[in-house]
Amino acid sequence: LEEKLGPLVGNPLQYLMLDSWEAGMQNWTDDMVEEFRERRGYDPVPFLPALAGYIVSGSEKSDRFLWDFRRTLADMFAENHYGTVTRFAHEKGMGTYSEATGVSLEVMEDALLSKKMVDIPMGEFWVRDLHPFPMYHVDVRGAASASHVYNKGLVAAESFTGGNFESPFTLKRVGDYWMTQGVNRFVFHTSAHQPLDTKPGNTMVGTHLHRNITWAHLARPFMDYLSRCTFLLQQGHFVADIAYLLDEGAPSTMPFWGDGLTPAPPPGHDYDYLNADALLHLAETDDQGNLVLPGGAAYKVLVLPPRSVRMSSGVLEKLRDLVHSGATILGPPPEGPAGLSGYPENEPGAGELIHELWGDLDGIGRTRRYVGRGMVAWGISLPSLLEEKGVTPDVEGAFSREQVTWIHRHWNGTDIYFISNRTPEDMAIPLHFRVKDGRPEYWDPGTGQITPAAWSANETGVTVPVRLPEYGSVFVVFHPATSGGLVAGSRPAEGNPTNGSAAADHPACIHPAYIHPACIHPSGEPVTVERTLSGPWSLRFHEGPGNPGSVTLDSLASWTDLPDPDMKYFSGSASYTNQFKADRRWFSGGKRILLDLGAVRDIAEVKVNGTVADTLWKPPYRTDITRLIRKGTNTLEVTVTNQWTNRLAGDAALPEEERALEVHLMRFMGEWSPEPSGIMGPVRILSTKPLTR
């Protein structure tokens, strides 16, 4: 690259990216013996037969040697591979992104240590991976933990892998979940250069994001949405109550199967993973007994591996020091010291450290032991331990994690919560935030608008009503309070904040110049249906594959339900035109007039009387048209754009010479099938009047 680009290396070519490790197992190098001697302090050669399953000098010594050997591999992967690449990139004025190492289970890795060695740690997620426990969940959480623990700031992810031609709304639905898991920088898989104009273009096994997709010219609202979200999620530091210590032995990685974490984090409490390196070199205890790291992380409880494992003397000593200065740890005592270095001389000292911390605890009848200013617990449930320490949930409400996910960051006195509705249903719930002081606002990442929120407070925090459309999202931001928390333009909700009934019924969050979507959503907003627009609708398909022309519709339906196959399988843009009369009542009493398109697939550009009102790409497909309508007859034009999926489905059933597209792509993991497209409606004119504060 340097030979071809010369001075462009370093600027504008700023980063080198390493994908997930997919090279299989590696366990030897020319300098292995020397590396091992330097790191472990003894000669490995006499014990090498243990690598082939032979016992050398007894099973105890053989097991300890294998622990040392695996740990040496993990250190070398991190330092000699990722560390070497990053140092080399820095010499060239560049940085590194890397999934280091990803989810390749055969690698003897220390997941967080590998990610420490790169500038921007990455995870990976796929479009179709949103089960309750997504496959790549631990990979993303590992990248997020590495960023938080090592103060990297950014958490990147190979994003939207394994898709096809998805709409912005589908990508938003997926991306929102991963942002609540820590991602604050998207690396698209794939946005590939398209040197040819041949549609639909191609990008390997990723979602297609390039100039040849149908909605490339309409991408800005979605990209603005991602930009606003990730900008806010890059501010300050991540807030979590729990740190899970990974096994010091290799592989030292996050638990991969099912929910993974044992014990599971209680609802309302977030967490990070912590590895032995960060524990030894970064962790301290503050005056409140929190386990703190230089990047701002402060954990209430350190959870040890759920089964008895071996620990090095250094880790045992560090745990002893942290507990003496006030930390709380939860988990069973280790079996004893790890590795063959110093064995058997270090055995008595390690036993003394274990006894000093756990004493006579048995995890059944004796479950707590106070050591210095801190506490060691074993056999206590994590929820009980947090409650005992007075740690209330950070976010609380009548929802499950399959329904709502969230993330919390704190910056310079401001608390930033991102809330995501994971369901296809409209949602209106009061959420209780563990914020003792501050005034809440709704920050809408779709529009960039900020509006004051209703709220009520008690001794544990603040309750705020949150209304979200299907797969909707919002930021709830708390600024430092003034005048006891009351500010102009906001109003505390009445009633019991624990049930939130008054808060949910009186949102009081309509700004004089802007109506927040959460307040005008069909889940209970003060709106009136003034009119439902009926046919005929003039539908004109723009030039594109098949060139289906125009049709008049008596009622709205998906293009896939139209009899003309060129319309049924059309991909691209088509314009709907209709006229309606505005009632004089709409212009009285300070009403705001809204256009609601109902069901739309996928993106709608709205014009009223020839002037663009909005580009709508996610539910609710609704916009304010107050300034554009006029008394009497009005002309409505809505241009809807879908994806390439339908045309590819149509071409799949045709002989090659009859296909509308020059290139036919196979669908990744399956066959092409038509998807609903266009306006399905109902299209309604709504009115609303701002609430009086």
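I call it a salt bridge when a side-chain nitrogen of Lys or Arg is within 4 Å of a carboxyl oxygen of Asp or Glu. This is a predicted model, so I keep in mind that local features need pLDDT of at least 70, side-chain atom pairs count only at pLDDT 80 or more, and totals for chains, interfaces and linings use all residues. Residues are numbered from 1 along each chain as its sequence is written, and side-chain values use heavy atoms, with hydrogens and water left out.

Entry one: I searched the whole structure and got 36 salt bridges.

Entry two: I looked up Arg 647 and found it bridged to Asp 651, with 3.1 Å between the closest N and O atoms. Both sit in helix H14 (residues 645–652), 4 residues apart, about one turn of the helix. Helices here are DSSP runs (H or I, at least four residues), strands likewise (E, at least two), numbered from the N terminus. Arg 647 counts as buried at 3% relative accessibility, and Asp 651 counts as buried at 0%. My cut-offs: buried is under 20% relative accessible area, exposed over 50%, partly exposed in between (1.4 Å probe, protein chains only).

Glu 60 is partly exposed at 31%, whereas Arg 64 is buried at 2%. Both belong to a salt-bridge network that also links Arg 310, Glu 335 and Glu 347.

Lys 115 is in helix H4 (residues 111–116) and Asp 139 in helix H5 (residues 137–149), so the pair ties together parts 24 residues apart in sequence.
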